[in-house]
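Please keep the sequence and the structure open while reading.

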Amino acid sequence: MTTRETDFLVIGSGIAGLTTALSLAHHGNVIIITKSSEEACNSYRAQGGIAAAIGEGDSARLHLEDTLRTGVGHADGDSVEMLVQMGPEIISLLADWGTPFDRNETGYALAKEGSHSKPRVLHVTGDATGKGIIDSLLLKANQHPSISFVSHTMVVDLMMEDGECIGVYAADPDHGTTQYVAHYGVVLATGGCGQVYQYTTNDLVSTGDGLAMAYRAGAALTDMEFVQFHPTALHLDQNPMFLISEAVRGEGAVLVTEDEVPFMKKYSDWGDLAPRDIVSRAINQETTHGHRVYLDARQQKDSFASRFPTIFATCMEAGIDPRVDLIPVTTAAHFLMGGVKTDRTGRTTIPRLYACGEVACTGVHGANRLGSNSLLEGAVFARKVAQSLSSLSRKTFTTLQGADESLRLCNNKQNEDQWKQQIQQLMWKYAGITRTKDGMEQGLKELKSISLQLPSSCLESQNMLQVAQVILESALWREESRGGHFRSDYPETIEIWASRQYTVEEK
Ligand SMILES: Cc1cc2nc3c(=O)[nH]c(=O)nc-3n(C[C@H](O)[C@H](O)[C@H](O)COP(=O)(O)OP(=O)(O)OC[C@H]3O[C@@H](n4cnc5c(N)ncnc54)[C@H](O)[C@@H]3O)c2cc1C
């Protein structure tokens, strides 16, 4: 078994991990461990853009109000204040680091998205914002002498000593288990858990590993019932599903039924630009009544191809021409508002363990995330984590406990996929857009029975199972509906629940 030492250990190479690493690199050596290729992450898949109040007539105050309203009274005001105040400086930082944001004659081109009161979403090559940001961060990080990458390597568990996190155990198919120890601390930037659902826009790497390993180590998870379902994934049988960005509706596209009848005005004064939870439930209603749902972007004519080149190309490949055809869409799990509980500097409840990006719950999204606030959150809190972590004292290690030699990646991919599918199907059925007590109890029962049979070597499935259990338990606890969490047996949003959080810690 090999041991590697470093000053800072960052798990994940999305926007949160890369921004943390680049911000820490002048304080010491950084190792970034990432499960698949360096660019396999949700950040890379982001289309619409990154929000910041930089436009004329816009302000941090308006961005704050939109974020709080969309979060349905559950967001943490101070964290949101930090997010929106730091928006403009994060855009400058990313641009300095090489992100080629789209421009027009007045400056940065700003798009409008659902529930934003102003155009404030910056983008790259129209609809390839994540690729634009990640390509530039990866280039910079790969050139940095203090940063090294370990890719295609899955972190399996956290190494703990005297209640502190001192490193991680990682497994890769070629080298077995390696322990990585960090003199300052470990940063979880492992992203979300969309893959616990049957239908999702999330990359295959998003199996909730960071959430599960933090939980096993005793860190608190919170707000796990709040899962965001995106209203407009392209309706094809794919995993992950291809997203049709909300920005397409921002440019005037309208949701319609198969007979071309628009329906969103029935559900919200914001119409097609209502918050995502409302639009997703509306689509659910329409499909429950036997309709099929489409996005009508035909009014954008030829400008569609230039404004949304990636979406245009993908639709054309699928035989759908957005200039003349309706685009079939459906809902899909998209984002986790909850996560590993952190303070505003990214500290978790375990000393020397930090978290940022989608794996963390900083409280900025409340019960429902405002579109394009997630890339911003990833970068803002990465900066905070780097600031806080670099001020810790350096820890030296005399003896190190041995790694668990039994850690091995599942070597039966097909077998693991069957386990994953069982979890994904039951989560879609029982913890999806509409939930009930009976359904969630049944879901927990079925998970229990899977847990009795699931081989311990199926590491991702074990993580998915643990995260699924926490989502169901949290959702059962919240006897109201709010944002991404909707219960048909408790359909009302109840004031006293706004400030309550379900926090779980493994004893
Ligand atoms: C299709 C799509 C479009 C989106 N569009 C937008 C948008 O336009 N604007 C916006 O703000 N948000 C958008 N989002 C949400 C946003 O992209 C994500 O929330 C955000 O990028 C998460 O960043 P992250 O760095 O936390 O995680 P990710 O970018 O997902 O990165 C996680 C990293 O952790 C690694 N990892 C995971 N587990 C392990 C492990 N066990 N060991 C080692 N490495 C591990 C992964 O390999 C990956 O490198 C979109 C999401 C999707 C799926």
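Predicted model: local features only at pLDDT ≥ 70, side-chain atom pairs only at ≥ 80, totals over all residues.

## The ligand and its surroundings

The shell around the ligand consists of 39 residues, among which Ser 43, Gly 49, Glu 358, Ser 374 and Leu 375 come nearest. Sorted by class, this shell holds 15 nonpolar, 19 polar and five charged residues. Several elements contribute at least two residues each to the shell, namely helix 1 (15-24), helix 2 (42-45), strand 9 (154-161), helix 6 (209-216), strand 16 (327-336) and helix 11 (373-389).

Which atoms of Glu 358, side-chain or backbone, lie 2.6 Å from an oxygen atom of the ligand? For Glu 358 it is a polar side-chain atom that lies at this distance from the ligand oxygen. The backbone takes part elsewhere: a polar backbone atom of Asn 42 is 3.1 Å from an oxygen atom of the ligand, and a backbone N or O atom of Lys 35 lies 3.1 Å from a nitrogen atom of the ligand. On its own the ligand has 1000 Å² of accessible area, and the protein covers 98% of it.

## The second largest pocket

The second largest pocket contains about 800 Å³ of space. It is lined by 32 residues, and those closest to its centre are Leu 204, Lys 413, Asp 417, Lys 420 and Glu 460. Helix 12 (413-430) and helix 14 (459-477) are the elements that give two or more residues to this lining, and helix 12 gives the most, with seven residues. By class, the lining of the second largest pocket divides into 13 nonpolar, 11 polar and eight charged residues.

How many cavities of 30 Å³ or more does the model have? The count comes to two, and about 70 Å³ of space lies in the largest cavity. The residues that line the largest cavity are Val 227, Gln 228, Phe 229, Arg 276, Asp 277, Ser 280, Arg 281, Asn 368, Ile 433, Gly 483 and Gly 484.

Strand 13 (227-234) and helix 8 (276-288) each supply at least two residues of the lining of the largest cavity, and the largest share, four residues, comes from helix 8. In terms of class, this lining is made up of three nonpolar, five polar and three charged residues.

## Salt bridges

Across the whole structure, a search finds 29 salt bridges. One of them joins Asp 66 to Arg 120, with the closest N and O atoms 2.8 Å apart. This pair links distant parts of the chain, 54 residues apart, since Asp 66 lies in helix 3 (residues 60-70) while Arg 120 lies in the loop between strand 6 (110-111) and strand 7 (121-122).

How values were computed
Residues numbered from 1 in each chain as written. Heavy atoms only, no water. Near = heavy atom within 4 Å. Polar contact = N/O pair within 3.5 Å; in protein donor to acceptor, adjacent residues only side chain to side chain. Areas by Shrake-Rupley, 256 points an atom, 1.4 Å probe, with all protein chains shown as cover. Nonpolar A, V, L, I, M, F, W, Y, C, P; charged D, E, K, R; others polar. 1 Å grid on protein atoms, 1.4 Å probe; cavity = no way out; pocket = protein on both sides within 12 Å on 5 of 7 lines; lining within 4 Å. Points joined across faces, edges and corners; volume = space filled by probe spheres on them. Salt bridge = Lys/Arg side-chain N within 4 Å of Asp/Glu carboxyl O.
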